[in-house]
Amino acid sequence: METNALAEIESRARAAFLGLAVGDALGATTEFLTPAEIARQYKVHRTMIGGGWLHLKAGAVTDDTEMSLCVARAIVAQGGWQLPAIADNFVAWMRSKPVDIGSTCRKGIRDYMLFNLLEQPYSDNAAGNGALMRLLPTALYTLGDDALLTRCAIEQARLTHHHPLSDAACIAFGRILHAALRGADRFALHALARQLIAEYPVFRFNDYRGHAGGYIVETVQTVLHYFFTTDSFEACLVGIVNQGGDADTTGAIGGALAGAFYGPEQIPKSWSRKLNPSVAGEVQHLATALARMVPAAKAKAVSAVPLHD
Ligand code: MN
Ligand code: MN
């Protein structure tokens with residue numbers, strides 16, 4: 001692959017991880033609010049002000065970014081995929097008393113701590129968005145290798161969430177992120193979204209009703225609806241976080257996708273400058289390191305999706 005194609009991928013990778021953190025921090029303000037409550041309080045929420053039910057400082061991130069950092073640090077530190085290293089980082093993170101943690105994530109981390117369990121048993125209650133919210137580092141690491149993506153996406157998901165809808169969403173988003181990182185256009189990304197819907201019609205989003213909860217189906221619909229009905233990083237994220245519900249998580253997932261697709265120039269400086277500086281620095285560093293891994297797989301992947309001019 002040409003040097004500038006690799007540089008382009010690294011730049012999109014950094015924008016994706018930065019976008020994830022920005023979306024998390026922006027959405028935390030409106031998490032659990034309804035669109036009407038958001039409109040009453042903020043008219044349109046579009047400023048990095050923190051607050052929300054967690055009473056955050058402006059630019060502070062939550063579990064979505066922190067768990068993504070746990071995954072990314074483990075892959076980079078190990079120089080590859082070591083699931084126990086990821087689980088160990090989750091344990092250390094949980095012991096640090098994070099500002100928020102989902103109940104399904106807590107159970108999975110606890111079961112690893114107590115029983116060394118690396119795969120949760122299937123559960124009807126595991127159809128939350130907790131595995132998808134931290135998928136990005138796995139997608140960056142596996143770029144160009146669909147079989148590796150499938151395996152790693154499911155392994156990291158089932159540390160806490162073992163449900164077919166969560167698995168399917170993680171694999172589909174991994175593929176969408178891979179294509180976006182390689183410069184695919186929105187038609188190619190939409191075709192990948194339709195592949196998910198062909199297999200699991202429940203994810204249809206063309207008649208989006210505005211439900212934006214933590215159920216994986218609502219999360220996927222919210223992110224895809226706003227990504228495909230807007231034409232900038234900012235418009236996509238403003239749409240998502242003003243939908244409320246699990247706004248930090250839909251913001252994080254949408255931020256990762258929009259960051260990969262639009263690249264770093266489109267992330268508003270008024271948002272990225274407000275982001276917690278140590279988080280901003282670390283996501284840039286880890287994204288670059290992840291994008292530089294498995295270069296052989298990346299090199300053979302370039303022809304699969306046409307790059308746009
Ligand atoms: Mn969160
Ligand atoms: Mn959330």
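The points that follow are grouped by topic.

This is a predicted model, in which local features need pLDDT of at least 70 and side-chain atom pairs count only at pLDDT 80 or more, while totals for chains, interfaces and linings use all residues. Residues are numbered from 1 along each chain as its sequence is written, chains are lettered from A and ligands numbered from 1 in the order in which they are written, and side-chain values use heavy atoms, with hydrogens and water left out.

**Metal site**
- The manganese ion (ligand 2) has Glu-31 (OE), Asp-246 (OD), Asp-248 (OD) and Thr-249 (OG1) as its protein donors, at 2.0 to 2.6 Å; donors are N, O and S atoms within 2.8 Å of the metal (3.2 Å for Na, K and Ca), and because water is not among the atoms, sites may look incomplete.
- Along the chain, the donors of this ion follow the spacing E-x214-D-x1-D-T.
- Asp-248 also forms a bridge between the manganese ion (ligand 2) and the manganese ion (ligand 1), and these two ions lie 3.6 Å apart.
- Asp-246 is buried, with a relative accessible area of 9%, and Thr-249 is buried too, at 3%; buried means under 20% relative accessible area, exposed over 50%, and partly exposed in between (1.4 Å probe, protein chains only).

**Enclosed space**
- The count comes to one cavity of 30 Å³ or more, a cavity being a set of points, on a 1 Å grid over the protein atoms alone, where a 1.4 Å probe fits but cannot get out, with lining residues having an atom within 4 Å of a point.
- The largest cavity holds about 50 Å³ of space, where grid points are joined across faces, edges and corners and a volume is the space filled by probe spheres set on the points.
- Among the residues that line the largest cavity are Leu-132, Phe-173 and Ile-253.

**Nonpolar core**
- The largest nonpolar core has 104 residues, of which Phe-17, Leu-132, Phe-173, Leu-189 and Val-220 touch the most other members; such a core is a set of buried Ala, Val, Leu, Ile, Met, Phe, Trp, Tyr and Cys residues joined through side-chain atoms within 4.5 Å.
- Leu-132 touches Ala-169, Cys-170, Phe-173, Ile-216, Val-220 and Ile-253, leaving aside residues up to four places away in sequence, where contact means heavy atoms within 4.5 Å.

**An exposed position**
- Ala-198 is exposed, with a relative accessible area of 65%.
- The C-alpha atoms of Ala-198 and Met-94 are separated by 37 Å, and the two residues are 104 residues apart along the chain.

Note on methods:
1 Å grid on protein atoms, 1.4 Å probe; cavity = no way out; pocket = protein on both sides within 12 Å on 5 of 7 lines; lining within 4 Å.
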